[in-house]
Structure formats: structure tokens, C-alpha cells
Amino acid sequence: MATAIKIKPKDRDAVIQALQAGVVPRKGQHLIQVGRAEEIKAILRDVERIAEGGAAIRFIIGEYGSGKTFFINLTRTIALEKKLVTAHADLTPDRRLHASSGQAQSLYSELMANLSTRTKPDGGALPSVVERFVTSAMTEGRDRKVNPEDIIRERLAHLSEFVGGYDFAEVIAAYWRGHDSGDDALKANAVRWLRGEFSTKTEARSALGVRTIVDDTNVYDQLKLFAQLVKLAGYDGFMICLDELVNLYKLSNTQARKSNYEQILRILNDCLQGTAGHLGFMFGGTPDFLMDTRRGLYSYPALQTRLAENSFAGNGLVDYSGPVLRLANLSPEDLYVLLGKIRLVFAEGNMKKSRLPDQGIQAFMAHCSDYIGEAYFRTPRNTIKAFVDLLAVLEQNTQVSWKDLITKVNIGTDANGGASPKTASKNGKRSQANDDLASFKL
């Protein structure tokens with residue numbers, strides 16, 4: 001295990017603060033990544049396919065606290081490094097793929113607010129993407145001695161083949177006119193339209209001369225158009241990451257749930273049939289969201305047939321080529337390595353600063369195993385949070401020994417169905433997970 005690495009203070013703080021709050025860090029995921037090697041290879045192949053003009057779709061399936069959100073964020077980081085533009089959002093009761101009361105438009109606006117590039121990884125990259133497209137058109141116009149607006153319209157001409165493509169091209173042209181004339185209000189209105197912030201068509205027509213706006217009925221069409229703009233701006237593709245799709249599973253209205261599943265089916269068909277280009281989707285959900293035949297995706301026959309597992313995969317055989325990517329549970333060994341990496345991050349990359357030895361990690365894991373059983377490594381969210389809390393106390397109270405604190409660690413119960421106190425430990429029984437620790441004790 002590494003004893004010294006260079007860690008930027010802002011990356012260290014971002015990772016620790018996120019883990020201590022029980023959420024996934026936005027930065028520095030590479031510092032604590034363990035396992036998932038084959039899954040990451042599959043994602044890299046998807047990114048390459050998107051960059052080559054194809055499309056990709058993945059359903060990242062795992063239990064609560066198993067690392068879905070972390071894996072999706074890691075996927076975003078990989079995509080950004082590979083020169084893709086990304087957008088991400090969590091589905092909520094107020095943000096859906098299909099709706100009739102503004103929830104789909106709200107999801108689109110959230111995606112556009114979180115639009116990221118390698119130089120703007122924290123969102124807010126929409127204006128810079130449009131600006132980059134306009135600047136490249138100006139450069140080409142100067143080289144060819146042609147009006148840049150003619151270049152822009154020439155590049156966007158093929159968008160008329162897409163639903164809503166004509167107005168989309170008109171908005172980009174309006175942005176150019178604002179750029180060329182110094183009309184900041186026109187540029188701002190163009191960006192507002194692209195963000196889906198116009199509430200009425202009358203307002204959009206007055207501001208930009210277009211007859212449509214982004215609303216519940218055309219969100220997916222707008223995303224496909226934006227993927228084309230991203231490519232024209234010089235990026236390799238557009239990846240959209242949507243987490244917490246379990247909120248669709250929780251919809252009590254059967255028709256609303258079915259309409260959202262139909263939208264997922266449309267996206268799935270486009271990606272698998274090659275209709276979409278330079279576009280990728282990552283959906284995060286639980287096994288129930290996927291496999292429940294009453295309320296999950298499997299309740300929709302067309303989705304069930306397309307997302308069914310490979311019948312030849314099993315008994316140790318795997319298939320990472322299908323749209324469903326099941327996250328394998330972390331092993332005790334994986335969690336041991338993960339906790340070691342968190343300890344190193346906490347110590348600012350220098351193990352000499354750490355007050356918790358390897359034996360302390362082993363004792364902590366044994367305590368967690370006795371308290372909550374195998375859930376401590378299969379769904380490790382609460383285990384990691386407790387471990388960071390332990391390190392924080394050790395750092396701020398130098399008079400205390402880790403041995404005095406380990407047995408006082410309380411692993412919280414995951415309200416979403418994660419870890420819960422293990423009753424078997426009260427009867428003096430040891431879990432198999434605890435026995436597994438012997439394989440890597442020093």
C-alpha cells in the first residue's frame with residue numbers, strides 16, 4: 001500500500017468532506033477508487049464508441065450504498081478526460097424523463113445547469129460550449145473569407161433533419177449575432193433558450209424569433225440536438241448521467257410510470273439501433289427498479305426483453321457488453337484497500353501523519369462485521385462515513401488512542417435499506433465476512 005503520494009489540499013478536502021457527509025465526492029474519485037476494473041473497461045469502450053460517432057446506453061444497477069453514484073461520477077470523470085461533454089442530474093419527484101406539468105423540462109434545465117467540460121468540470125459550461133462553436137466558425141470564416149454567420153448556418157444545416165432542428169439552429173445564429181454586434185441581451189436570451197428557461201412560446205418568439213421552446217414534450221429531442229452542437233464545437237461527444245431512477249419505480253401513478261418507461265425505451269432503441277450519434281446515457285438504479293415485474297422496468301415487456309440478462313452468463317462467467325451493468329459487491333479485501341486509501345487521503349498523502357495503523361483498520365472492520373454483518377462491505381456507505389468520523393476524532397484529539405475508540409464506533413442504519421445492526425453478533429456468532437478478514441491480516 002502506498003505510503004506517500006501527492007494530493008492537492010482542495011482534492012483532499014473535497015473527498016473527506018463528501019465522505020463525512022455520506023455523499024459521493026465530485027472531485028478526487030481516482031484517489032479512492034478500488035476494484036471495478038472490468039466495469040471501467042466496459043465504460044471506456046462506450047466512451048470510444050461515442051467518440052467515433054456511435055451511441056451508448058448503460059443501466060448501472062446496484063443496491064443502496066453499493067457505489068452506483070460513485071461509479072457514475074467516475075464515469076463522468078473518464079468521459080471528461082476523453083474530451084466529451086457531460087451533463088448529470090438526479091431524478092426526483094419534480095424531475096422526470098416524461099411529464100405533463102413541467103417535471104421533464106425541470107430535468108432538462110438541471111442537466112444544462114450541470115453541463116461540464118474538462119476545463120469546467122463543476123458545471124456551468126453551456127455558454128463556453130456555444131462560444132467555442134461560434135469562435136471556430138469565426139476562424140473558418142476568416143480563413144475562407146466568408147461571413148461567419150454563413151459558416152454557422154452551413155454547419156447547422158443538417159440539424160433541420162432533426163425534430164426542432166430549425167429553431168435550434170436559429171437560436172445559435174442569434175447567439176452569433178449578439179456576439180458580433182455586442183448585444184449581450186441577445187446572447188443571454190439564446191443561452192436562456194438553450195437552458196430551457198423560457199416559459200412561453202410568445203416570449204421566445206419576441207426575444208429570438210423562434211416558435212418553439214424546450215418543454216416536457218421535446219426534452220429528449222433537444223438533448224440529441226445538443227449532442228450535434230457539442231460535436232460541431234470540437235468535442236468528441238455528449239454523455240448524460242441520470243441517477244436515482246428508483247424515483248420512477250416509486251411513482252404511484254401507473255400511467256406516469258409507464259410513460260417514463262416508454263421514454264427510456266425510446267432512448268434505448270435509438271442508442272442500440274444507431275439512430276443517435278455522439279451520445280451516451282448512464283442510468284443509475286436499484287435491482288428493484290430493474291427487475292420488479294409489477295413496477296420496475298421489467299413490468300414493461302419491451303424493456304424486459306431488451307434488458308434481460310445473457311442466459312449464458314453465470315457460474316463465474318460474465319458479460320459486460322449488454323446495456324445492464326451490475327456492480328459486483330465489494331469484497332472485504334476491496335474495502336480494506338479502500339479504507340487504506342481514505343486514510344492516506346486524510347493524511348494528505350503522507351502516511352507518517354496518520355495516527356491509525358494497519359491493525360487499526362483491521363480492528364475497525366472486525367467491529368463493523370460483528371455489528372452489522374456482511375453489509376459492512378457489500379453496501380459500505382455507512383461504514384466509510386464512520387471510518388472518516390473515526391479519523392477526524394483521532395486527528396483532533398491526540399491524547400486518544402485508536403484502540404479506545406474502535407469499540408465505540410456506531411454504524412448508522414441506512415434509511416434506504418442498507419446496513420442494519422446484526423443480531424447474530426449478540427448470540428456470539430461470527431459472520432463469514434469476519435472470518436474472511438483472516439486472509440489479509442498482517
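Modeller: Start with the largest pocket: helix H3 (68-81) gives the largest share of its lining, seven residues. The model is predicted, so local features need pLDDT of at least 70 and side-chain atom pairs pLDDT 80 or more, while totals for chains, interfaces and linings use all residues. Residues are numbered from 1 along each chain as its sequence is written, and side-chain values use heavy atoms, without hydrogens and water.

Biologist: What is a pocket, and what is a helix here?

Modeller: Rolling a probe the size of a water molecule over the atoms shows where empty space is left. On a 1 Å grid over the protein atoms alone, a pocket is an open set of points with protein on both sides within 12 Å along at least five of seven lines; a cavity is a set where a 1.4 Å probe fits but cannot get out; lining residues have an atom within 4 Å of a point. Helices (H or I, at least four residues) and strands (E, at least two) are DSSP runs, numbered from the N terminus.

Biologist: What volume does the largest pocket have?

Modeller: About 930 Å³. A volume is the space filled by probe spheres set on the grid points, which are joined across faces, edges and corners. The lining has 44 residues, and Val23, Val24, Lys68, Thr69 and Phe70 are the closest to the centre.

Biologist: How does that lining divide by class?

Modeller: Into 19 nonpolar, 13 polar and 12 charged residues. Ala, Val, Leu, Ile, Met, Phe, Trp, Tyr, Cys and Pro count as nonpolar, Asp, Glu, Lys and Arg as charged, and the others, Gly among them, as polar.

Biologist: And how many cavities of 30 Å³ or more are there?

Modeller: Two. The largest cavity has a volume of about 60 Å³. Its lining has 10 nonpolar residues, one polar and no charged. Among the lining residues are Leu97, Tyr220, Leu242, Gln263 and Phe281. H10 supplies the largest share, three residues.

Biologist: Which element gives the largest share to the second largest cavity?

Modeller: H10 again, with three residues. That cavity has a volume of about 40 Å³. Its lining includes Phe162, Lys224 and Gln228. By class, four lining residues are nonpolar, three polar and one charged.

Biologist: Now the packed parts. How do I read a nonpolar core?

Modeller: A nonpolar core is a set of buried Ala, Val, Leu, Ile, Met, Phe, Trp, Tyr and Cys residues joined through side-chain atoms within 4.5 Å. Buried means under 20% relative accessible area, exposed over 50%, partly exposed in between (1.4 Å probe, protein chains only). The largest core has 82 residues; Phe59, Trp193 and Phe226 are among those that touch the most other members. Helix H10 (residues 219-232) gives the most to this core, eight residues.

Biologist: What does Phe59 touch?

Modeller: Its contacts (heavy atoms within 4.5 Å) include Ile264, Leu268 and Phe283, leaving out residues up to four places away in sequence.

Biologist: How many disulfides are there?

Modeller: A disulfide is a covalent bond between the sulfur atoms of two cysteines. Here it is counted as a pair of cysteine sulfur atoms within 2.5 Å. The count comes to zero. Cys241 is buried, at 2% relative accessibility. Cys271 is buried too, at 6%.

Biologist: Is His278 buried or exposed?

Modeller: Buried, with a relative accessible area of 13%. Its phi is near 55°, a positive value in a residue other than glycine. His278 sits in the loop between H12 and strand E4 (279-285).
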